[in-house]
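User: Hi! Could you walk me through this one with me asking as we go?
Analyst: Happy to, here it is.

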Amino acid sequence: MMLPRLVFLLFILPRYISALFFGRFFSLFGPDPRLQASCTGQCMFDLSCRLKYGQKAGECGGFYQVCCTFDGFGRALGGSNIRQDRQLNLQDFGPVENERGCGRSGVSSRSRRVVGGTEAGFGSFPWIALIRGGNSRCGGALIRPSWVITAGHCVKTAQWPSRYRVYLGEYNLYQNSEPMPRQKFYVSEIVLHPNYQFTPQADRYDVALLKLDRPATLMPHISPICLPDPVELETGERTIVAGWGATQPDQGSRPKVLQAVDVYTLNNTDCESWHLAAGIRVNIYPEMMCAGHQEGGKDACQGDSGGPLMLKDETGKWNLVGVVSAGYSCAKPGQPGIYHRISESSSWVSYVTKNEV
């Protein structure tokens, strides 16, 4: 008669207690059932998502539980106003259309030469945007009164667009002593490029559009930059990259004043070769481009992501040719910065911002 009790004490009771304990554990630290139901990916630990090269597409509640997707298209970005236009035909979006008077600076400033750069000069690049969201900071560029362009990886994990703020006309960060005032906006919509894809090296089609909650008031220090036609950019072009990113690699502090530096374009094959000579194997796809100096010394850096790579044409008009995307360290020899090539997406950008689809 003692055998059933012994079995119960040795085998059944411990399993019952274990099930009860772990049931309470997962109810406290596991995914929130409501958030889990809205996750189009898989709820898992944040670290597991990163190790599997997934994309964090939202929160799942609990203990470091995130909604992780693996399709490379960033589905379920957490808000009805964040979308990815995969239904659009990528072959042709029609001609590129620009705002009248784009690419012109209305503020006169002396010519300037971010790592290895100098202060840009107030109003020199009136399309520069500062984008804040949570603890992150990225750059961007105004292309229409209601639209700013930035890097896709800056906003790919956004939960709600309105949590992002965009500052135009900014120069010396958060100072109220500028010649003309900044303008602050909230973001009402985020549109990722339809082919955006996370990769462990540099994200593909790393570009996104932010719609402002109201049109910007155009002023001498706030105006849009021009989009280029979908044509091949020449190798060896002198371009300018600007931002508030680090001026030294691995430096915690950031400059308060907008910095600008010149970098030279190179073809993708040379970019891969330069990196390979430095012991880095990276694929530079057609929608990417590189710019820098073989000897190093000048480059974009941490905090410059999403900022514009700019080229001044023979008429004196500035065109947006790239968006800061990735890089291996900053300004090291043979490691040029990696940018999204705007000519590969300019017709899409023009189509979306013109039609506000």
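User: Let's start with β15 and β16: how many residues lie between them in the hairpin?
Analyst: Five residues separate β15 and β16 in that hairpin. In the turn, Gly 316 has a positive phi of about 90 degrees. Keep in mind that this is a predicted model.

User: Thanks. In which sense do β15 and β16 pair?
Analyst: Antiparallel, over five bridges, with β15 covering residues 308-312. One example of a bridge is Met 310, whose partner in β16 is Leu 320.

User: And how many bridges join β16 to β17?
Analyst: Four, and those two strands run antiparallel as well, with β17 spanning residues 337-341. Val 323 has His 340 in β17 as its bridge partner.

User: How many residues of β16 are buried?
Analyst: Eight of the nine in residues 318-326, so β16 is largely enclosed by the rest of the structure.

User: What about helix α6, which of its residues are buried?
Analyst: The buried ones are Ser 346, Ser 347, Trp 348, Val 349, Ser 350, Val 352 and Thr 353. That is seven of the 10 residues in α6 (residues 346-355), so this helix too is largely enclosed by the rest of the structure.

User: Switching to cysteines: how many disulfides are there?
Analyst: A search of the whole structure finds three. One joins Cys 102 to Cys 226, with an S to S distance of 2.0 Å. The angle about its S-S bond is 100 degrees, and the link is right-handed. Both Cys 102 and Cys 226 are buried.

User: Which cysteine does Cys 138 join to?
Analyst: Cys 138 is joined to Cys 154, S to S 2.1 Å. This link is left-handed, at -90 degrees about the S-S bond. The pair connects distant parts of the chain, 16 residues apart: Cys 138 is in strand β7 (residues 136-144) and Cys 154 in helix α4 (residues 152-155). Cys 138 and Cys 154 are buried.

User: And the one with Cys 271, is it left-handed or right-handed?
Analyst: Left-handed, with -75 degrees about the S-S bond between Cys 271 and Cys 290. Cys 271 sits in helix α5 (residues 268-277) and Cys 290 in strand β14 (residues 288-292), so the pair ties together parts that are 19 residues apart in sequence. The S to S distance is 2.0 Å, and both cysteines are buried.

User: Now rings. How many aromatic pairs does the structure hold?
Analyst: Four. Among them, Phe 122 and Tyr 171 are edge-to-face, at 6.0 Å centre to centre and 90 degrees between the planes. Phe 122 is in the loop between β5 (118-119) and β6 (128-133), and Tyr 171 in the loop between β9 (164-168) and β10, so the pair ties together parts 49 residues apart in sequence. Phe 122 and Tyr 171 are both buried.

Technical notes: Residues are numbered from 1 along each chain as its sequence is written. This is a predicted model: local features need pLDDT of at least 70, side-chain atom pairs count only at pLDDT 80 or more; totals for chains, interfaces and linings use all residues. Side-chain values use heavy atoms; hydrogens and water are left out. A disulfide is a pair of cysteine sulfur atoms within 2.5 Å. Buried means under 20% relative accessible area, exposed over 50%, partly exposed in between (1.4 Å probe, protein chains only). Two strands pair if DSSP finds at least two bridges between them. Rings of Phe, Tyr and Trp (its six-membered ring) pair if their centres lie within 6.5 Å; planes under 30 degrees apart count as stacked, over 60 as edge-to-face and the rest as tilted.
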